[in-house]
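Here is a short report for a first look at this structure. Start with the view below, then read on.

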Amino acid sequence: MSILIESYEDHYYTHAISLKHMESAKKRRVLGFLHTMEQDILAQMEGKGLQYKGLIGGVNREARLNAMLHQIRETISTNYNHLKKDSREFLTDFVSMETIDQVDLMNSAIRMPLYSVVLTPNAITTLVDTSLIRGAVMSNWWDRQKDNTQNRIITQIQLGFAEGEGIGDLRRRIIGKAT
């Protein structure tokens, strides 16, 4: 029985390390998306690619602000939609891999191919689409993150504009001071 337990433990620890690597890779991907979004927003705040009708030089600040806010909302929405799609694909791959690995774990522990589980694509989709993240279905959770991010950024920009702050001040409001 000791050999059986050791075999199970070896497989379990190897699997745990593999899961940790997957988690780290996913975190890096999410941070990459968020960093790209931040750079896009900062570029829009500085007027790069900002499209609006109205006078330049502060004469029509409201049109500039509205155009900036509209583009920033679109940027955040697009990036969070990419995150949601990427997370769904990641979880789909994860469920498929995890199913195979658990079967392998059980079969290697008993040293015979007794277990075989095959999840249909529909079953995998159901598992992924009904997964909860902090109490919400995954797609709803990403939508909440998008809405929260938009609200925080838009509120800071509006406050900064109301106080007559320049782009540099608005930038510090949103991303903080560089240290």
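## Helix α4

The expected span of a helix is 1.5 Å times one less than its number of residues. This model is predicted. Helix α4 covers residues 138-162, which is 25 residues. At 1.5 Å a residue, α4 should therefore span 36 Å. The C-alpha atoms at its ends are 36 Å apart, so the two values agree.

Which residues of α4 are buried? They are Met138, Trp141, Trp142, Lys146, Thr149, Gln150, Ile153, Ile154, Ile157, Gly160 and Phe161. An α-helix has 3.6 residues a turn, so residues three or four places apart point the same way. After α4 comes glycine 164. The phi of glycine 164 is positive, near 75°.

## The largest nonpolar core

The largest nonpolar core has 24 residues. Ile41, Met45, Ile72, Ile76, Trp142 and Ile157 touch the most other members. Helices α1 (2-45), α2, α3 (121-129) and α4 each give two or more residues to this core. The most come from α2, which gives eight.

Take isoleucine 41. Not counting residues up to four places away in sequence, isoleucine 41 touches Ile72, Thr75, Ile76 and Ile153.

## Asparagine 107

Asparagine 107 sits in helix α2, residues 61-110. Is asparagine 107 buried or exposed? Its relative accessibility is 13%. Buried means under 20%, so asparagine 107 counts as buried.

The side chain of asparagine 107 reaches the backbone nitrogen of leucine 114 at 3.0 Å. Beyond its neighbours within four places in sequence, asparagine 107 is in contact with Met112, Pro113, Leu114 and Tyr115.

Methods. Residues numbered from 1 in each chain as written. Predicted model: local features only at pLDDT ≥ 70, side-chain atom pairs only at ≥ 80, totals over all residues. Heavy atoms only, no water. Helix = DSSP H or I, 4+ residues; strand = E, 2+ residues; numbered from the N terminus. Buried < 20%, exposed > 50% of the residue type's maximum accessible area, 1.4 Å probe, protein only. Polar contact = N/O pair within 3.5 Å; in protein donor to acceptor, adjacent residues only side chain to side chain. Contact = heavy atoms within 4.5 Å. Core = buried A, V, L, I, M, F, W, Y, C linked by side-chain atoms within 4.5 Å.
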